[in-house]
Amino acid sequence: MNAPLPMKKLLPKELKDYYWAYSDILRDIGINESTYDQRIMAFMALKLLIDNNKLCFTLEYDNHFGMKEDVYQRYKAKNAKETFLNIIRDVEKLGREENLHYFHQESKYNPDKSKNILTYLNHYKTFELERYIVELPEKHLKNVLDIYTYQADFTNYPKDEYKDLYEKTVSRMKKMSGDLTGQHFTQKSIIHLMCEMGIQGIKENEKLAIYDPTSGTGSMLMESADYFMKHTKVKEIELYGQEMHGQTWLLSKIFLEITNQPNTIAYGNTLTNPAFANGINGNDNFDFIIANPPFGVDWKHNYDEIIENMQSQRSNFFVVRDEKTNKIVTPKKSDGQFLFMMHIINIMKKENKRGKRATAGIISSSTLISTGSATSSEAKIRKAIFKEQLVSAVLEQPNSMFTNTDIISHIWFLDTLATQKIKIVKADTKEESLFIPHPNAQDKMKHAYSQANIKKLKRYLTNKTDKPYVSKSLNYERTAINISQEIGFKEDNKVESIDALMSELDGLMKNMCDEFNTNGLFGF
């Protein structure tokens with residue numbers, strides 16, 4: 001006969017600030033604050049799968065960890081800590097296979113040889129759960145398990161909000177971990193605009209393949225899939241991405257599994273080992289590419305490997321050569337944004353050869369399109385890119401569109417359907433309202449796009465006609481584009497000529513003299 005359950009089981013299970021409770025325990029046992037996030041995210045990843053019925057156990061140590069008696073006996077040890085360690089060491093075998101759909105993918109896409117994603121819940125390249133458990137004394141581990149049982153309940157968490165969960169968690173934890181404060185999340189309204197610009201190319205598709213070369217936790221992929229399902233006739237969407245940080249890679253796999261999105265997310269560095277350089281399995285193509293590559297990423301430690309790739313017959317990049325010397329042109333080693341752009345353009349050129357249209361939206365810093373002299377490597381790369389006639393439009397966004405930076409950024413819109421001009425648009429204009437205050441402003445993210453803004457911006461980005469001080473069409477024979485300078489401000493035209501200003505100044509001086517003579521100032 002089973003013993004009665006402890007009174008603790010009557011406690012409500014809620015979703016609260018579990019990260020603060022766990023961090024108090026970590027502080028108590030002397031763990032460095034810079035590593036709190038790894039531990040907090042590791043247990044969160046485990047709990048997400050438990051609460052969505054993907055694993056055959058729970059964290060309820062005083063209830064046999066939610067296992068059937070015969071299964072529990074295989075893992076039972078002298079105490080809760082040792083029992084839990086036995087379970088975690090065997091975690092790859094404890095999935096509810098009937099509920100797991102995309103948790104097996106070819107090992108070439110994974111951090112190690114195992115095809116089973118559950119393996120990476122306890123792996124040195126992702127979350128070292130075993131180590132996080134070992135470091136906790138028995139009573140502290142029980143406290144942590146209780147915290148995640150009663151204060152981190154995701155049982156009824158809305159499926160459409162999983163794509164935001166990582167950002168919400170990090171925004172609460174970033175004060176504890178300096179490693180996370182530099183992350184810049186892409187808000188929904190930017191993603192919606194990028195998708196809206198891509199709709200024309202895929203609106204008749206029943207099946208859609210979306211790719212993000214810097215996919216993070218998959219939020220841009222999930223949000224774009226959701227947008228296309230709501231605004232097109234697409235019936236089936238497959239998501240592809242690549243992420244080099246093991247923890248975010250694993251979280252992306254978990255989020256996509258929970259939301260039941262068909263996906264293949266590769267682990268690794270897109271610049272040195274791109275998993276999808278030749279499309280999907282080298283045969284099928286991507287219909288839409290969306291990306292927010294890291295700004296200012298240093299790639300000098302990968303320089304030799306990237307140069308070797310560019311010199312090969314089947315390079316993974318759009319290779320640019322100097323017109324005079326025929327030498328390969330590379331961007332600055334201190335900023336790898338152009339390399340991601342060259343990777344995406346290389347893919348789009350291949351998709352074009354396959355005869356099917358593809359579109360892309362790529363976020364960049366404002367410097368990518370204008371820095372460097374006419375003879376600089378950046379200018380040479382831009383000239384070659386523009387010459388391909390893949391860049392259909394570039395939008396200069398207002399500042400304060402991201403959580404941790406208020407810089408101005410650009411969105412490059414690419415299309416394999418060649419156009420004759422590049423349309424540039426400036427969103428921060430006094431001519432028309434093209435952005436709004438963010439309805440949920442946080443940190444430095446103060447601005448957003450409404451659906452009406454998105455429709456207007458799309459019209460300006462695609463119209464052949466220009467609107468003064470808002471949009472302008474440029475030819476492709478360029479090495480740089482300064483959008484603010486090209487479009488200008490209406491106030492610039494109101495500046496009067498030097499002669500008019502001098503005439504006005506003379507008039508003022510004459511009036512002062514007349515006043516002086518009339519009123520006899522200073523006793524004269």
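Tutor: A residue is called buried under 20% relative accessible area, exposed over 50%, and partly exposed in between (1.4 Å probe, protein chains only). This is a predicted model, in which local features need pLDDT of at least 70 and side-chain atom pairs count only at pLDDT 80 or more, while totals for chains, interfaces and linings use all residues. Residues are numbered from 1 along each chain as its sequence is written, and side-chain values use heavy atoms, with hydrogens and water left out.

Helix 2 spans residues 36–51, and the loop between helix 2 and helix 3 (69–75) holds Asn53, where helices are DSSP runs (H or I) of at least four residues, numbered from the N terminus. Asn53 is not a glycine, yet its phi is positive, at about 60°; because its relative accessibility is 40%, Asn53 counts as partly exposed.

Turning to the packing of helix 2, its axis and that of helix 10 (residues 246–258) come within 11 Å and cross at roughly 20°, the axes being lines fitted to C-alpha atoms over the stretch in contact, with angles from 0 to 180 degrees between N-to-C directions. Helix 2 and helix 10 are therefore roughly parallel to each other, a term for angles under 35 degrees. In the contact (heavy atoms within 4.5 Å), Asp37, Gln38, Met41, Met44, Ala45, Leu48 and Leu49 of helix 2 meet Gln247, Leu251, Ile254, Phe255 and Ile258 of helix 10.

How values were computed: Helices (H or I, at least four residues) and strands (E, at least two) are DSSP runs, numbered from the N terminus. Angles under 35 degrees count as roughly parallel, over 145 as roughly antiparallel, 65 to 115 as roughly perpendicular and the rest as oblique.
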